[in-house]
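Subject: Structure for you, with notes

Hi,

Here is the structure I promised to pass on. Please open it alongside the sequence; my notes follow below.

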Amino acid sequence: MFSDESRFSLQSDSRRTFIWRAPGTRYHQENTIERHRYGGAGWLVWGGIILGSRTDLHVQSVTMTGHIYRDVILEQHARLFRGAMGAEFLFMDDNARPHRASIVDECLQSEDITRMDWPAYSPDLNPIEHVWDMLG
């Protein structure tokens, strides 16, 4: 199972606007934009894909923590797929900090879920990243 979460902001994700302009025209009126910076409201969405199937999307408005990851993602999603797949089940997450919490490791071990070795900061290897690209 490939799994991942992505944050969808209700505002511009990076709060940057990239433009091409001629040298020396940086502060011309047409190249400046007034901005109002409010809170970074958004939603965190988690999903998993496996062998022609998928999990339901889990949507939350709070930051992912090790406890939420264990209680919601592993207990309500990964554990069920592990039960259906049997011993061949291999779980992939992306080495984010909440995924490496000791309570997560303990849960994976107690549920006999094998975690795939995965290089940190390698979203290009995860096929679910294309889903986020389509949704974003």
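Let me start with two helices. Helix α1 covers residues 66-85 and helix α2 covers residues 102-110. They pack at an angle of about 25°, and their axes are 8 Å apart. That angle is under 35 degrees, so α1 counts as roughly parallel to α2. The crossing of α1 over α2 is right-handed. On the α1 side, the contact is made by G66, H67, Y69, R70, L74 and E75. On the α2 side, the partners are I103, V104, C107 and L108. By type, the residues of this contact split into six nonpolar, two polar and two charged.

One caution before the rest: this is a predicted model. Please read every value here as computed from that prediction.

Now the overall layout. The chain has three helices and six strands. Starting at the N terminus, the order is β-β-β-β-α-β-α-β-α. The chain has 136 residues, and 34% of them are buried. Take the contacts with a separation of 6 or more: 67% of them join residues 24 or more positions apart.

Next, the aromatic rings. How many aromatic pairs are there? The count is two.

The pair of F2 and W118 is edge-to-face. Their ring centres are 6.1 Å apart, with 70° between the planes. F2 sits in strand β1 (residues 2-9). W118 sits in the loop between β6 (114-115) and α3 (129-135). The pair therefore ties together parts that are 116 residues apart in sequence. F2 has 26% relative accessibility, so it counts as partly exposed. W118 has a relative accessible area of 14%, which means that W118 is buried.

The other pair is F89 and F91. Here the centres are 6.4 Å apart and the planes are at 25°, so this pair is stacked.

I49 lies in strand β2 (residues 42-50). I49 and M1 are 48 residues apart in sequence. In space, their C-alpha atoms are 5.6 Å apart. I49 has a relative accessible area of 25%, so I49 is partly exposed.

Last, two backbone points to look at. Which residues other than glycine have a positive phi here? N95 is one, with phi near 65°. N95 lies in the loop between β5 (90-91) and α2. N95 is partly exposed, with a relative accessible area of 22%. D112 is another, with phi near 55°. D112 lies in the loop between α2 and β6. At 51% relative accessibility, D112 counts as exposed. The cut-off for exposed is over 50%.

When you open the model, you could begin with the contact of α1 with α2.

Best wishes

Note on methods: Residues numbered from 1 in each chain as written. Predicted model: local features only at pLDDT ≥ 70, side-chain atom pairs only at ≥ 80, totals over all residues. Heavy atoms only, no water. Axes fitted to C-alpha atoms, helices over the stretch in contact; angles between N-to-C directions. Helix = DSSP H or I, 4+ residues; strand = E, 2+ residues; numbered from the N terminus. Parallel < 35°, antiparallel > 145°, perpendicular 65-115°, else oblique. Left-handed = near helix turned anticlockwise from the far one by under 90°. Contact = heavy atoms within 4.5 Å. Nonpolar A, V, L, I, M, F, W, Y, C, P; charged D, E, K, R; others polar. Phe/Tyr/Trp six-rings, centres within 6.5 Å; stacked < 30°, edge-to-face > 60°. Buried < 20%, exposed > 50% of the residue type's maximum accessible area, 1.4 Å probe, protein only.
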